[in-house]
Each structure stands twice: as C-alpha cells, then as structure tokens.
2 protein chains.
Amino acid sequence: MGSGSGLPTLAVVGATGAVGSVLLDLLSTRRNVYGEVRLVGSERSAGRGLQVRGDRAETLALSPEVFSGVDVAMFAVPDEVAAAWAPVAVEHGAAAVDASQAFRAVQDVPLVVPEVNPERVRDRPRGIVAGPGCATLSMIVAVGALHARYGLRELVIASYQAASGAGRHGVDTLYAQLEKVGGDRALGNRSGDVRGVVGDLGPFPAPLALNVIPWTGTGVDGGWTSDETGLRDETRKVLGLPGLKVSATCVRVPVITGHSMAVHAAFAERTDQREAQEILARSPGVVLCDSPETHEFPTPSDVAGTDPTWAGRVRRSLDDPRALDLFLSGDNLRKGAALNTVQIAELIAAELTA
Amino acid sequence: MGSGSGLPTLAVVGATGAVGSVLLDLLSTRRNVYGEVRLVGSERSAGRGLQVRGDRAETLALSPEVFSGVDVAMFAVPDEVAAAWAPVAVEHGAAAVDASQAFRAVQDVPLVVPEVNPERVRDRPRGIVAGPGCATLSMIVAVGALHARYGLRELVIASYQAASGAGRHGVDTLYAQLEKVGGDRALGNRSGDVRGVVGDLGPFPAPLALNVIPWTGTGVDGGWTSDETGLRDETRKVLGLPGLKVSATCVRVPVITGHSMAVHAAFAERTDQREAQEILARSPGVVLCDSPETHEFPTPSDVAGTDPTWAGRVRRSLDDPRALDLFLSGDNLRKGAALNTVQIAELIAAELTA
C-alpha cells in the first residue's frame, strides 16, 4: 500500500472537471476504503483547494511523480489525456480506472460495469480498466439482469439523451435557448420558426429547445454515429456476446440531466412480463418504476441526481413471446460516468486490501 | 352531385376545431375540386363566420338535414361525435371521411393513406373511409415505400411525439411550464426539481418541460398504450399485412409540433443504404433529408408546418443486411390529421366526378 494506513492510496485525475466534481461528491458520501486521496488536475488548476471526505485538499499538477505510491488512479479527463497518462500511472505501480473512450475498444483492457461483470476487473494485463460510455451505462445494468435470465440475442435501442451529455456548454446552450423561446407562444407551428429564434447552437448541430436532434457523438462509416456504434461495441464487450445484434438510433432531447432509452430486447428464452419486472426489482443498481396506471414510469426529471437505472414500461412484445419492450432512465453524470468509475475503483481497492 | 356546379358538395364537420382550421387552410391552398363547401360545427359554434377558399362562410349547427345534398363529408371531431354522425351523413347519401379513432379498427371500413393504399378508398361497404392516427401517419408513407421494394417483416418503433398531439391544452401547458423553468439554471440536476417547479401538468401524466414522458394515449392490456397498439394495428391494416410484427414505445417530448420516429425495419429482401435513400427521395409525400455530415437530418422544428414526411439517418443495420434503421419526422397536425383527410376526400371527389 502506498500509505501507512494499510488502505490503498487513490489518485483522482481530473478532479476539477464536471465528472471529477461528482467523483469527489461520491467519495465523500460512500463508505471510505482509501488511505490518502490525491487530487490531480491540469497545470492551470494546480493549487486549487477542493473538498473531499470532509477535508480540504490541494490539487496537484499532473506529472509522472504524482503517481508515486498511488495504488488506484481514477481518470476523468478527455480521451487524449487518458491515453497519454493512464499508462504512466500503471508504470508507477497504480491500477488505472478510465472513464474516457480511450481504452474501451482495446482488447486487453477489460470494460467493466460492476453490477454486470465485476469478475473482469481482476484480469487487466495492461493495468487499465475502462468503463463504458454514458449511453451504454444508462441501460446495461437492467439489460444485463434480463440477459442473465433469458439470454440476449438482439437489441434495438432509441435514445433520449440529455444536454449535459455534451458537457457544461451543452447545458448552458439549452438554458440560453429556453430563455429565448419561453415567452413566444407563436413558435413551433411553422418550419424554421424555432431555428430563427434560438440563437447560438452551442455544441449541437440543430436547435435543442422545442426540438429533438437525431445525431449525437461524431459520424462514423455507413451513416452511424460514434454513440450508436459505441452502444453496440460496448454492450457486446461487457456482456461477453461478440455476435450480439444491436441497432441503435441516438437522439438528443431538451432535458438537462438524465439519459433515457426505449429498448426492444429479443432473447433465446420465452419471457414473462411479471417475472421480468421481478428480476429488475431485485437487481442491484436497478429501481423498478412500473405502474403506469398511477403514472409511475421512469422520466429523466425524476432520476436526475440518483444512482440507479430506473426501469419501467416493461411489456412482453405482442408478436414475439421471446422479446421484451421497456423504457429506462439513468443519470448520465452519475452511473453514466462518475459512479461506475468509483465502483470499479472500489473493486480494485477491495482486491488490494484483501 | 349535390350542387349545380357539376362538382361535389363537401361538408366539413368540426370546422371550428384545431384540425378543422388546418382543413380549411388546406382547402384554400389546394386545387379546388368542390362545388359548395358547407361548414358544420357544434350548436355552440353555429353562426360563426370562417374563411375558406377566399370566401367567408357561416358555420351551420350539426343536424341530419345539414347533410342533405352533400357528396363528401369530412369529420374532424371527437370519436363519439364521429361514431354517431358519420352514419347519418352516409344515410343522406354522402361518403364520410373520418379522422377520428371511431372507425379505424372496424373491419369493413377501409383505413387509407393515399400515398400507400389509394385503391382501398373505392371499397367502402359502410360508406365510411377512415385515416390512421397521427403516430402512424408520421411514418407510414416512408415505411410503405420501403415495404413496396423490400417486403416488410418487422417494425420496432420509438416515438418522439409533440405536445400538440394532446391538443391545444397540451401546447398551452408546455408553454406555461417552459416559462416557469426557463430562467432557473439550477434546475434539472436533482431528482424532483423540475416536478417541483413546472406547476400544472395539464393533460400530461408528468412534467413535460425539461423532460420526456414514456406514456401517450390511454392504457390497454399488458402495459401497452392505445398509441402503441394503434401503431401496430393501423400499420398492419394500411399495408395489408395482418401478421406484421410491430413493437412500439411511444414517448411525449417537449416539442410543440412535429412527431418523430426512430424506426428499425426488417424486410424479406436484402437492403441497400443508397437504394433505400433513392426510394425515399422519389416517393410522393416523402422528403429525403439525409446528409448528417452537413447537419441535414429531419428535426421537428424544421418539419412543422410542412406537408411531407421527412426521412433521414437511413442506415443498413450493421448486424442484419435485411434491416434498415432510419429517423422520420412529420407535422402531426397536417399529414398527421388534416392533410390525410383532405387527400382521401379528394380521391372520392375524383371518383364521383369521373
């Protein structure tokens, strides 16, 4: 262990960022499993004081030496920073847990969702463990639980992704656009009206207020986006199903926080609505919210700020007894990024302490 | 013919309503095929003057006598009014065209989308022709064109439905909620924040501003909604495919006008992305909008107030060469209700005049 406490030393790289601040909140509220916690940021944020576990800690500038004595290093930084620095942490003896896209597709880097494939965390030939993207994380815990019972064969997914998935700039842009359209009741009935009023599009390719945008991430071959192929590749890797059929259409919606997914899942076995609801209700990390007759179903405004995946609208498909349709919502900043990283790091800390 | 002009006499029942006003707009802008146009409303709206085809006409109160001499009667009224009065119009010699839900599932009432199955309009044993609901109409023209080439086997649909699908009250509610959330930048990050601020939910079962609601229509067996089973039943009837597999999840989004659909369509034949784009581009009633690299894809803010279905994000499914994924948007008040009704009535008028 890097510290004298007998508990592992943790480094939080990217502590001053959006996901980093949720990481520190989670470290302060979850059971403590670390000795020293070292906060690391860019040259620019070095020296900044941050609260973690009730104490004030000073942010250190990212350098090779900062990893000396570190057992677990969590990375909540852009892809290129993670790609460059996670191997440096490993060279200094740390296990690296990366929330970015940098290592997700790398063959000898496990892609881990602790509720689904916790055992994979121990097999990390490069010393690095990655987590999936926020779109995958908004549905994989619930879908993984159903897969364990019925054997997943095919997924068709349509997403309802929040502005905060595009970062602080996305949130600011949506609020600015909402202020412009809020008072104008003539809007939205004629083509181009909204586009003419919202002003700056920010990080989005079309107006987001009073609109939906069927394009998230970056373009890849065949007309697909990186979010859509990411959902496919990451789901296959986490579930260990390299031949799983996945079709996704990713859409941005005018919501601040909370990604939702309409999921059609076809299985090897016959499904049952009541049994599927019970599986979801007792799965760690999932809350069943499925009494539509009393208006109970997951919506992003109810899940923002919470940890679990909320599952509802569970139905056996009318034309296929081996398929289920359901609707899932999860906080894209918590389970979708920071929480999954914290959970992976805790698995490694337990392994080191055992 | 009911009038002396040699052209059919038209009655517009529900002329003063939301869909009725779009009907009158369309009658004023499309090629005129009618002699007399008789506007009909409730007892309460009788005597109200309305503009149609450049003239002012007085609204008549609904009564059996109002259908005397009428050749074609369009109904844009609630289900129960249509159920009661369309047969009365038929008794008086008119062909009835109903936009409501009342006759959609009735076996000897054809369900017609003129771009897809115009021939069915001639076979109307009850004298009544129905149009599908706005959810089905936002995707059926594009899907029907692809079916004609590839042979549809299965549809998985997730919808993004506008507030105006819930009527004027839905639109007013969304605007009122947007005014309340517009200026509050702390909102949307914690569970319940939005619910605490939006105030009146209006016709919706949850807040709509800064949210999405996975519940439209009314509840039916198995956890499904009437919109979801309607999409299945209506698509089967219009395409003449009683065994078609359809799974839909219908979701309300904070948009004023314009229903969108993420569609996964599996076919009997192998598909091709470029060919599918060309089929859509040359199909009447469809506009292809599919250059995502230059930010061209359908969004509701661009389609509101236009007649066609806009199609984009056309992709061959990565794991099934016989399937396509695409995104469609259409104006739920125009093609989704008034325009389809006008088109059906024009087919009947042409038959009567021929």
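This report walks through the fold, symmetry, cavities and a few individual residues of a predicted model.

## Ground rules

Since you have the structure open, here is how to read the labels and values: residues are numbered from 1 along each chain as its sequence is written, and chains are lettered from A and ligands numbered from 1 in the order in which they are written. In this predicted model, local features need pLDDT of at least 70, side-chain atom pairs count only at pLDDT 80 or more, and totals for chains, interfaces and linings use all residues, while side-chain values use heavy atoms, with hydrogens and water left out.

## Chain A as a whole

Chain A holds ten helices and 14 strands; these are DSSP runs numbered from the N terminus, with helices being H or I of at least four residues and strands being E of at least two. Its radius of gyration is 21 Å, close to the 20 Å that the globule rule gives for 354 residues, so chain A is as compact as a globular protein of that length. (The radius is taken over C-alpha atoms, and the rule is 2.2 Å times the number of residues to the power 0.38.) Along the principal axes, the C-alpha atoms of chain A fill a box of roughly 60 × 50 × 40 Å.

Of the 354 residues in chain A, 59% count as buried. Buried means under 20% relative accessible area, exposed means over 50%, and partly exposed lies in between, using a 1.4 Å probe and protein chains only. Among contacts (heavy atoms within 4.5 Å) in chain A between residues at least 6 apart in sequence, 67% join residues at least 24 apart.

## How the two chains pair

Chain B superposes on chain A by a rotation of 180° with 0.0 Å of shift along the axis, at an RMSD of 0.0 Å. That is the relation of a two-fold axis.

## Cavities

There are five cavities of 30 Å³ or more. A cavity here is a set of points, on a 1 Å grid over the protein atoms alone, where a 1.4 Å probe fits but cannot get out; lining residues have an atom within 4 Å of a point. Points are joined across faces, edges and corners, and a volume is the space filled by probe spheres set on them.

The largest cavity has about 110 Å³ of space. Of its 20 lining residues, the closest to the centre are V156(A), I157(A), A158(A), V156(B) and A158(B). Strands β9 (152–160), β10 (245–249) and β11 (259–267) of chain A and β9 (152–160), β10 (245–249) and β11 (259–267) of chain B each supply at least two residues of this lining. The lining divides into twelve nonpolar, six polar and two charged residues. In this scheme Ala, Val, Leu, Ile, Met, Phe, Trp, Tyr, Cys and Pro are nonpolar, Asp, Glu, Lys and Arg are charged, and the others, Gly among them, are polar.

## Residues to look at

L210(A) is not a glycine, yet has a positive phi of about 55°. L210(A) sits in the loop between α6 (193–197) and α7 (226–239) of chain A and is buried, at 3% relative accessibility. R313(B), in strand β13 (residues 309–316) of chain B, also has a positive phi, near 50°, and is buried at 0% relative accessible area.

T225(B) is in the loop between α6 (193–197) and α7 (226–239) of chain B and is buried at 0%. Beyond its neighbours within four places in sequence, T225(B) contacts R313(A), W215(B), T216(B), T218(B), G219(B) and V220(B).

Notes:
1 Å grid on protein atoms, 1.4 Å probe; cavity = no way out; pocket = protein on both sides within 12 Å on 5 of 7 lines; lining within 4 Å. Least-squares fit on C-alpha atoms with pLDDT ≥ 70 in both.
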